[in-house]
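Me: I have a model open and would like to go through it with you, one question at a time. Could you help me read it?

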Amino acid sequence: MNSELDILILAAGLGTRMRSGKAKVLHQLDGRPLIAHVCETALKLDPANILVVVGHQAEEVADAVGKEFSDPRIKFVTQEKQLGTGDAAASAREALKDRDSQLLILSGDVPLIAEETLRKLIDNRAAAGILTVRLDDPTGYGRVIRSADGMFERIVEQKDASQAELAVGEINSGIYSFDTRKLFAALAKIGNDNAQGEYYLTDVPGILKGEGETVALFLHSDPLEIEGVNDRRQLAEMERRLRARTIERLMLESGVTFVDPTSVYVSPRASIGRDTVIFQNVTIEGRTAIGENCIIRPGTRITSSKIGDAVEIRDNCLIADSTVGDRSIVGPMAHLRGNAEMAEDCRVGNFVELKKTHLGKGSKANHLTYLGDATIGEKTNIGAGTITCNYDGKDKHPTTIGDNVKIGSDTMLVAPVKVGDGASTAAGSVVIEDVPAKSLVAGVPAKVKKTMSEKA
Ligand code: UD1
Ligand code: MG
């Protein structure tokens with residue numbers, strides 16, 4: 001742990017420009033709230049404390065953070081009224097005033113800042129360090145004004161800027177490092193006599209500079225890391241660029257084919273193996289891992305799942321929190337969820353749903369079937385229209401099916417129930433009691449009709 005580093009994340013604002021009932025930092029990028037991205041990066045720096053300043057929907061923001069991280073170093077301080085970023089930082093005074101530390105300030109609405117960039121910023125020991133970037137269109141951001149010798153002079157907000165200042169392309173990222181004590185001393189000196197009537201954190205570096213302290217500027221080259229989300233257009237644009245960058249990396253570094261990269265969504269947290277082909281309109285979310293030589297056909301969504309090598313996912317499948325083994329084929333129009341596991345060489349066909357079910361090696365469920373809370377052995381065939389009746393209206397019950405079983409079309413397996421190895425059920429059976437190995441059951445309720453000889 002870096003005991004001399006604290007991190008403050010500003011996240012109390014509503015984000016008026018989002019035109020939303022939901023606090024801005026709760027809006028999602030890559031399927032996770034903006035604030036979660038920032039907390040994740042903050043944790044990588046291993047600081048002594050992470051303080052999140054909350055205000056608007058404080059409870060929801062704290063919940064969203066708590067859902068993803070249980071690190072006790074993350075704490076919350078409340079800013080009662082959103083009087084500006086300077087006031088937001090000042091609300092951490094009680095928590096941090098006795099710390100002899102460096103304070104890294106992050107913005108809850110700048111989600112893509114990278115760990116390495118922040119490490120460069122905190123390596124400096126100036127009273128203040130500011131991360132900046134040059135933008136073609138700096139509209140909306142605070143401009144960084146340098147003096148003739150190129151040194152920092154002050155930050156001026158868009159709404160307070162003169163025409164000449166508005167022409168400056170170097171912007172304030174809203175990410176700073178401060179000597180903690182000097183920050184709080186300077187915060188006591190800021191006012192709100194400006195176009196927005198707010199207490200600006202951006203006034204602090206100017207105050208420090210005026211007191212003879214060093215203010216270091218870190219001009220970064222990657223705008224995507226530094227851009228903030230203030231409205232939905234920026235949010236969509238950031239999502240688009242994040243996606244484009246991820247797909248480009250997968251094509252150039254991982255050797256993945258995208259038939260139509262512009263219509264595919266892939267999370268930057270996903271991994272995809274060499275020579276896998278992704279067709280149009282595919283969505284790959286969360287920490288999904290897809291192996292080599294797979295084919296993912298159009299219209300499929302895969303979320304937080306593991307797909308082996310040489311797997312084919314046919315059109316329009318939904319695969320969530322599940323595993324598909326090597327050489328298996330899924331779909332078209334299949335649904336895997338809740339820890340469904342297909343072993344190797346399996347086949348799950350159209351209109352088949354698997355929930356919390358293990359399908360053993362080489363087993364098949366090709367048509368119109370629901371398998372829930374089931375454990376199915378190897379080389380077993382599940383006939384069309386089979387249903388594990390796993391829910392009695394109150395509780396869920398398990399179904400266990402052995403190896404080399406043939407479940408006839410339209411069989412109802414009323415759980416809890418077991419079907420032994422090598423057994424068969426006739427079409428239309430309603431199985432309410434365990435089926436012995438190597439027997440054939442039929443009827444409603446199903447009864448043993450014959451027991452097969454070893455050879456049968
Ligand atoms: C801020 C900077 C601007 C910079 C930009 C970078 C100020 C005055 N301006 O402007 O120079 O270019 O970020 O993205 O700091 N917040 C609070 N409490 C408040 C107000 C804001 O916690 O009272 C939080 C917000 O939730 C947000 C962050 O501070 O996460 C930044 O606030 P925002 O209103 O988005 O500031 P910008 O106008 O973007
Ligand atoms: Mg902002």
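Predicted model: local features only at pLDDT ≥ 70, side-chain atom pairs only at ≥ 80, totals over all residues.

Me: Thanks for joining me. Which side chain does the side chain of Ser101 meet in a polar contact?
Reply: Ser101 sits in the loop between α4 (93–96) and β6 (102–107). Leaving out residues up to four places away in sequence, Ser101 touches Glu4, Asp6, Phe178, Asp179 and Thr180. The polar contact between side chains, at 2.6 Å, joins Ser101 to Asp6.

Me: Is Ser101 buried or exposed?
Reply: The cut-off for buried is under 20% relative accessible area. Ser101 has a relative accessible area of 9%, so Ser101 is buried.

Me: In which helix is the salt-bridge partner of Asp100?
Reply: Asp100 forms a salt bridge with Arg181, with the closest N and O atoms 3.9 Å apart. Asp100 lies in the loop between α4 and β6, so the pair ties together parts that are 81 residues apart in sequence. Asp100 is exposed at 61%, while Arg181 is partly exposed at 46%. The element that holds Arg181 (residues 180–187) is helix α7.

Me: Which strands are tied together by Arg337 and Glu353?
Reply: The side chains of Arg337 and Glu353 meet in a salt bridge, 2.7 Å from N to O. Arg337 is partly exposed with a relative accessible area of 28%, and Glu353 counts as partly exposed at 23%. The pair ties together parts that are 16 residues apart in sequence, because Arg337 and Glu353 lie in strands β25 and β27.

Me: How many salt bridges does the structure hold?
Reply: The pair Arg337 and Glu353 is one example. Elsewhere, bridges that share partners join Arg32, Glu40, Glu68 and Arg287 into one network. The number of salt bridges in the structure is 28.

Me: What is the C-alpha distance between Phe69 and Glu40?
Reply: Phe69 is in the loop between α2 (58–68) and β5 (74–78), and it counts as buried at 13% relative accessibility. Beyond its neighbours up to four places away in sequence, Phe69 touches Ala36, Cys39, Glu40, Leu43 and Ile74. Phe69 and Glu40 are 29 residues apart in sequence, and their C-alpha distance is 8.1 Å.

Me: What share of the exposed area of ligand 1 does the protein bury?
Reply: Ligand 1 is surrounded by 23 residues, and the closest are Leu10, Gln79, Thr85, Glu157 and Asn172. A backbone N or O atom of Leu10 is 2.8 Å from an oxygen atom of ligand 1, and a backbone N or O atom of Gly13 also lies 2.8 Å from an oxygen atom of the ligand. Taken alone, ligand 1 exposes 750 Å², and the share of that buried by the protein is 90%.

Me: What is the relative accessible area of Ser363?
Reply: Ser363 is placed in the loop between β28 (358–359) and β29. Leaving aside neighbours within four places in sequence, its contacts include Asp345, Arg347, Ile376 and Glu378. Ser363 is buried, with a relative accessible area of 0%.

Me: What is omega for the cis peptide bond between Val444 and Pro445?
Reply: Most peptide bonds are trans. Pro445 lies in the loop between β39 (439–442) and β40 (447–451). Another cis bond joins Gly331 and Pro332, with omega about 5°. For Val444 and Pro445, omega is about -10°.

Me: Which residues make the nonpolar surface patch of about 300 Å²?
Reply: One member, Leu368, is found in strand β29 (residues 364–372). Leu368 is exposed, with a relative accessible area of 52%. The patch is made by Met333, Phe351 and Leu368.

Methods: Residues numbered from 1 in each chain as written. Chains lettered and ligands numbered in written order. Heavy atoms only, no water. Patch = residues over 30% accessible without salt bridge, like charges linked within 9 Å, V, L, I, M, F, W, Y side chains within 5 Å. Areas by Shrake-Rupley, 256 points an atom, 1.4 Å probe, with all protein chains shown as cover. Salt bridge = Lys/Arg side-chain N within 4 Å of Asp/Glu carboxyl O. Helix = DSSP H or I, 4+ residues; strand = E, 2+ residues; numbered from the N terminus. Buried < 20%, exposed > 50% of the residue type's maximum accessible area, 1.4 Å probe, protein only. Polar contact = N/O pair within 3.5 Å; in protein donor to acceptor, adjacent residues only side chain to side chain. Contact = heavy atoms within 4.5 Å. Near = heavy atom within 4 Å.
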